[in-house]
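Thanks for coming, everyone. Let me put the model on the screen, and then we go through it piece by piece.

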Amino acid sequence: MKRILIPALALLAACTSPTENPVAEVAYDYFGDTIQIADTTSLAGLLGQLQGGTDSVYGTFAAPISSVCQVKGCWMQLDLGTGEEALVRFKDYGFFVPMDAASEMAFVEGSLSVDTLSVEWLRHQAEDAGESDSAIAAIQSPKVSYSVLAVGVALAQKERATEEDPAPHDHSSHEH
Amino acid sequence: MITAAMSTKHKARKGLLFLTLLGVGACNPTAEEVPANTEAPTGRTGMYEASPLAVAMRSMATDMESLRAKADAGTLTVGEVDAMISAHAAMTSADATKPEDIKPSFEGYAEAYLIQLQDLRETITTQASREARLEAFNAALTTCVACHQEHCPGPISRIEKIKVQP
């Protein structure tokens, strides 16, 4: 039996070797704790647990960033894909995210809950988002929102210009 | 047990603090920000560059956090408090991230914070009770929280965690 099993396992290992995996690995920039992308779970599942009555759920999930604090990057909003957003703040104010990260996909590890955001916070957030004085003054009542206290965030690394590729490709002078 | 003399002195200081807070409103750059680790990954754009005030406040938060256990144990020394008073006074002249957002009350909050540190120092030199020392330690943090409530609420939870329960 072993005579058959060992070569079979060796063949299987060779076929599944990571070096032959055609899928390119994505590199990430980490903010706060270095979270494990592989631990990502379904956002819908986490939201379902909250809707089922759980006070808060902890996990790693992914969602696109809809906006970021434009003063320091000390909070961000995620588009939950349900017409709602989640406000993400960072544990102990211990890390910030890039202020130009809007529209990027964020992997977030932390505690997700439903929170009541105070008028003071909402006004502060509106200020950080660069909203007008009249818009800020119009905030008169608290808002119930999904809220995340994150321990870490990962964003896929952006392609960075190198000396070999110093300028964007110009399509104006020819057709493909 | 606090002596009658200490009690009078505390009341006077608290009265001064209260008047200071009333006079300045409710915000201060003392509480502007306390992020611990905002270094950008290599090559990332759009990262916040800490202002001198932010740097000063990070240092203040780190100092208070590092002395929390000693405050709890009642082993804070005059030298340690003096070092904080000397170092933390830097916030009164440090530039903020958005100087235009610093309200007139900032100076009052900063002053109130430093007064509270002096009060903390006094509780040590007079060998006041552990409760009195903790009260003074926490009162300094309360001025930070009050300021942040107006200027930037982000760090409040971190500051609250530094407080010691009597």
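**Strands of chain A**

E5(A) and E6(A) pair in the antiparallel sense, over 12 bridges. One bridge there joins Ser111(A) to Leu149(A) in E6(A). Two conventions on terms. Helices (H or I, at least four residues) and strands (E, at least two) are DSSP runs, numbered from the N terminus. Strands pair if DSSP finds at least two bridges between them.

Some housekeeping. This is a predicted model: local features need pLDDT of at least 70, side-chain atom pairs count only at pLDDT 80 or more, and totals for chains, interfaces and linings use all residues. Residues are numbered from 1 along each chain as its sequence is written, while chains are lettered from A and ligands numbered from 1 in the order in which they are written.

Back to E6(A), residues 143–156. E4(A) runs parallel to E6(A), with 5 bridges. Here Arg89(A) stands opposite Leu149(A). E1(A) is joined to E6(A) by 5 bridges too, and these two run antiparallel. In that pairing, Asp29(A) faces Leu155(A) of E6(A).

**Two residues with positive phi**

Now the loop between E4 (85–90) and E5 (105–117) of chain A, where Asp92(A) is found. Most residues other than glycine have a negative phi. Asp92(A) has a positive phi of about 55 degrees, and it is not a glycine. Ser103(A) sits in the loop between E4 and E5 of chain A. Its phi is also positive, near 85 degrees.

Which of these is buried and which is exposed? The cut-offs: buried means 20 or more other C-beta atoms within 10 Å of the residue's own, exposed means 12 or fewer, and partly exposed is in between, with C-beta atoms placed from the backbone. Asp92(A) counts as buried, because it has 21 C-beta neighbours inside 10 Å. Ser103(A) has 11, so it counts as exposed.

**Where the chains meet**

The contact takes 20 residues from chain A and 21 residues from chain B. Contact means C-beta atoms, placed from the backbone, within 7 Å. On the chain A side, strand E1 (28–32) and helix H3 (119–128) each supply at least two residues. H3(A) gives the largest share, 3 residues. By class, that side has 10 nonpolar, 3 polar and 7 charged residues. For the classes, Ala, Val, Leu, Ile, Met, Phe, Trp, Tyr, Cys and Pro count as nonpolar, Asp, Glu, Lys and Arg as charged, and the others, Gly among them, as polar.

**Cores and helices**

Next, the largest nonpolar core, with 35 residues. A core is a set of buried Ala, Val, Leu, Ile, Met, Phe, Trp, Tyr and Cys residues joined through C-beta atoms within 7 Å. Met57(B), Tyr109(B), Tyr113(B), Leu120(B) and Ala140(B) touch the most other members. Helices H2 (52–73), H3 (78–88), H4 (105–125), H5 (130–151) and H6 (156–162) of chain B each give two or more residues. H5(B) gives the most, 10 residues. Apart from this core lies another, of 34 residues, including Leu43(A), Val148(A), Ala154(A) and Tyr48(B).

Last item: how do H3(B) and H4(B) cross? Their axes come within 9 Å and cross at roughly 170 degrees. Axes are lines fitted to C-alpha atoms, for helices over the stretch in contact, with angles from 0 to 180 degrees between N-to-C directions. So H3(B) is roughly antiparallel to H4(B), a label for angles over 145 degrees. By class, their contact has 8 nonpolar, 3 polar and 2 charged residues.

Definitions and conventions. Two residues are in contact if their C-beta atoms, placed from the backbone, lie within 7 Å. Angles under 35 degrees count as roughly parallel, over 145 as roughly antiparallel, 65 to 115 as roughly perpendicular and the rest as oblique.
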